[in-house]
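Here are my notes on the aromatic pairs and one further residue. Please read them against the model.

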Amino acid sequence: MKKVLTSTICMLLLTLTALTLNGFEKGTKSIGGGISFYGYENQRADISFTRYTISFAPQMSYFIFENFSVDFHISAGTSWGKYVKSTTDLGFGLGGRYFI
């Protein structure tokens, strides 16, 4: 399993490197993001509590010049559990990147 994961990551990095070496043209669009889930349990002598967190974070980029992109981010997440206060988060972001 470890060899398969390492090979997959290496192939992904090589592909991304090849794309970056060729450059990005004006008008190119890129989408990405991530989804995550996290569970935590703590047991002590007097109390046991759990916490779960799930988040979703899409991203979109648009190249306004060759090799320069404007990035838009949204993130949303929630946490809940036993003996833990529930929370909900929402965030927005704007950024830019230049690829050499």
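1. A residue counts as exposed when its relative accessible area is over 50%, and as buried when under 20%; partly exposed lies in between. The model is a predicted one. Phe37 has a relative accessible area of 54%, so Phe37 is exposed. Tyr52 reaches 31% and is therefore partly exposed.

2. Ring pairs come next. Centres must lie within 6.5 Å, and planes under 30 degrees apart count as stacked. By this rule there are five aromatic pairs. One of them joins Phe37 and Tyr52. Their ring centres are 6.1 Å apart, with 15° between the planes, and the pair is stacked.

3. Where do Phe37 and Tyr52 lie? Phe37 sits in strand β1 (residues 29-43), and Tyr52 in strand β2 (residues 48-65). The pair therefore ties together parts that are 15 residues apart in sequence.

4. Tyr40 and Phe49 make a tilted pair, because their planes stand at 55°. The ring centres are 6.3 Å apart. Tyr40 has 36% relative accessibility, so Tyr40 counts as partly exposed.

5. A last point concerns Ile100. Ile100 is placed in the segment after β4 (87-98). Is Ile100 buried or exposed? Its relative accessible area is 89%, so Ile100 is exposed. Asn67 is 33 residues away from Ile100 in sequence. In space, the C-alpha to C-alpha distance between Ile100 and Asn67 is 7.1 Å.

Technical notes
Residues are numbered from 1 along each chain as its sequence is written. This is a predicted model: local features need pLDDT of at least 70, side-chain atom pairs count only at pLDDT 80 or more; totals for chains, interfaces and linings use all residues. Side-chain values use heavy atoms; hydrogens and water are left out. Rings of Phe, Tyr and Trp (its six-membered ring) pair if their centres lie within 6.5 Å; planes under 30 degrees apart count as stacked, over 60 as edge-to-face and the rest as tilted. Helices (H or I, at least four residues) and strands (E, at least two) are DSSP runs, numbered from the N terminus. Buried means under 20% relative accessible area, exposed over 50%, partly exposed in between (1.4 Å probe, protein chains only).
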